[in-house]
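Work through the exercises below with the sequence and the model side by side. Try each task before reading its solution.

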Amino acid sequence: RIGDRLLPTRPLEIGTGFHPHAARAGLRGHIISVLDGVSQIGQFSVVAIDRGQADRVQVGDVFEIWQKGEALRDTIRPQFGEKLVGPEQKAGVLMAFLIYRRVSFALVMQAERFLHVMDSIRAP
């Protein structure tokens with residue numbers, strides 16, 4: 001379309017092997033997209049995360065995937081029907097394999113439940 005820009009592609013720099021290792025302590029982020037635009041993410045899906053070279057993410061960095069706690073309705077307290085949120089739950093593990101300045105692509109190596117866009121990630 002008018003206003004679109006074309007940029008030369010860069011050769012993919014994916015090595016022949018990956019050496020998984022824990023991501024830098026304290027590093028957190030989110031899953032922001034999934035390849036093929038499906039709504040649920042499972043084991044061996046490729047996802048995009050909102051961390052990259054600027055955040056010192058490296059090829060092989062492993063992150064834990066966490067999901068928000070389940071919303072529950074309180075049936076005991078006087079404010080019957082009050083919404084409560086359970087604790088976050090670990091939902092899987094992913095490994096970064098293609099790093100750009102602000103985003104990275106990662107492979108979901110383990111999924112204990114269905115994952116979703118905006119699930120949080122953190123260093124193990």
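Helices (H or I, at least four residues) and strands (E, at least two) are DSSP runs, numbered from the N terminus. The model is predicted: local features need pLDDT of at least 70, side-chain atom pairs count only at pLDDT 80 or more, and totals for chains, interfaces and linings use all residues. Residues are numbered from 1 along each chain as its sequence is written, and side-chain values use heavy atoms, with hydrogens and water left out.

**Exercise 1. List the salt bridges and place their partners.**

Step 1. Set the rule. A salt bridge is a side-chain nitrogen of Lys or Arg within 4 Å of a carboxyl oxygen of Asp or Glu. The count is three.

Step 2. Start with Arg 51 and Asp 50. Their closest N and O atoms are 3.9 Å apart.

Step 3. Go on to Glu 64 and Lys 90, with closest N and O atoms 3.7 Å apart. Glu 64 is in strand S4 (residues 61–67) and Lys 90 in strand S7 (residues 89–99), so the pair ties together parts 26 residues apart in sequence.

Step 4. Finish with Arg 122 and Glu 88, at 2.5 Å between the closest N and O atoms. Arg 122 lies in strand S9 and Glu 88 in the loop between strand S6 (83–85) and S7, so this pair ties together parts 34 residues apart in sequence.

**Exercise 2. Is Arg 122 buried or exposed, and which ring does its charged end sit over?**

Step 1. Apply the cut-offs: buried is under 20% relative accessible area, exposed over 50%, partly exposed in between (1.4 Å probe, protein chains only). Arg 122 has 15%, so it is buried. Its salt-bridge partner Glu 88 is partly exposed at 39%.

Step 2. Check the ring. A charge sits over a ring if NZ of Lys or CZ of Arg is within 6 Å of the ring centre and within 35 degrees of the ring normal. The charged end of Arg 122 sits over Trp 66, 4.5 Å from the ring centre.
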